[in-house]
Amino acid sequence: MDKNRKLTDYPLHVEIQTRWRDLDAFGHVNNAVFVTYIENARGTLFERWNLPFDGTGQSLIVAAITIDYHQQLKHPTNIIAGQKITRIGNSSFDIETALFNKNNQEHPIATSKVVVVCFDFEKQKSVPVFKQVIEDSKL
């Protein structure tokens with residue numbers, strides 16, 4: 001993922017605040033915590049797309065996640081997670097997320113790609129990508 005991205009490259013934004021508990025022994029935010037930040041940002045898409053969060057009906061599941069770390073992240077920092085849909089498949093799609101320091105939106109702290117599958121929890125099988133996801137891929 002491109003470390004030269006800017007926040008303006010992402011149409012969907014979520015603000016996140018680091019927490020004291022996010023720090024590791026080196027005094028910066030632990031790399032595993034970045035997954036939580038990305039997950040929290042992705043959670044706003046469930047609301048945006050009116051999808052259930054409770055494992056019923058048709059919703060989303062994660063198939064894969066990759067993260068590239070570009071900078072250390074210190075606490076306290078206000079972060080903005082920029083998100084965009086970068087690929088639409090038959091039943092899956094990719095969300096690219098970049099985490100930016102709110103005071104430096106020119107270079108991401110980390111970038112991520114999450115492969116998401118549209119899933120029917122009752123039938124336990126994938127379903128075609130939802131219309132609202134396809135619409136947001138055009139932003």
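This is a predicted model: local features need pLDDT of at least 70, side-chain atom pairs count only at pLDDT 80 or more; totals for chains, interfaces and linings use all residues.
Which residue forms a salt bridge with Arg87, and how far apart are the closest N and O atoms?

Entry 1: I found Asp94 as the partner of Arg87, with the closest N and O atoms 3.0 Å apart. I then looked up how covered each side is. Asp94 is buried, because its relative accessible area is 5%, under the 20% cut-off. Arg87, at 31%, comes out as partly exposed.

**Entry 2: a second partner.** I stayed with Asp94 and found that its side chain also meets that of Lys113 in a salt bridge, at 4.0 Å from N to O. This pair links distant parts of the chain: Asp94 sits in strand S4 and Lys113 in strand S5, 19 residues apart. Lys113 is partly exposed, with a relative accessible area of 34%. Put together, Arg87, Asp94 and Lys113 are linked in a network of salt bridges.

**Entry 3: the rest of the salt bridges.** I searched the whole structure and got eight salt bridges. One of them joins Glu135 to Lys138, with 3.5 Å between the closest N and O atoms. Here Glu135 is partly exposed at 42%, while Lys138 counts as exposed because its relative accessibility is 59%, over the 50% cut-off.

Entry 4: Next I turned to the largest nonpolar core, which has 31 residues; Phe34, Tyr37, Trp49, Leu60 and Phe93 touch the most other members. I checked which elements supply at least two residues each, and they are strand S1 (12-17), helix H1 (33-48), strand S2 (58-69), strand S3 (78-88), strand S4 (92-101) and strand S5 (110-120). H1 gives the most, with seven residues. Apart from this core lies another one of five residues, including Tyr10, Ile80, Ala98 and Phe100.

**Entry 5: around Phe93.** I listed the contacts of Phe93, leaving aside neighbours within four places in sequence. Among them are Trp49 and Leu60, along with Ile85, Val114, Val116, Cys118, Val129 and Val133. I was pleased to meet Arg87 again, as Phe93 is in contact with that residue too.

**Entry 6: out on the surface.** What forms a nonpolar patch on the surface? I found Val35, Val62 and Ile65, with about 200 Å² of accessible area together. Val35 belongs to helix H1, and its relative accessible area of 35% makes it partly exposed.

Terms used
Residues are numbered from 1 along each chain as its sequence is written. Side-chain values use heavy atoms; hydrogens and water are left out. A nonpolar core is a set of buried Ala, Val, Leu, Ile, Met, Phe, Trp, Tyr and Cys residues joined through side-chain atoms within 4.5 Å. Buried means under 20% relative accessible area, exposed over 50%, partly exposed in between (1.4 Å probe, protein chains only). Helices (H or I, at least four residues) and strands (E, at least two) are DSSP runs, numbered from the N terminus. Contact means heavy atoms within 4.5 Å. Patches are made of residues with over 30% relative accessible area and no salt bridge: like charges are joined within 9 Å, nonpolar side chains (Val, Leu, Ile, Met, Phe, Trp, Tyr) within 5 Å. Accessible areas come from the Shrake-Rupley method with a 1.4 Å probe; for residues, only the protein chains shown count as cover.
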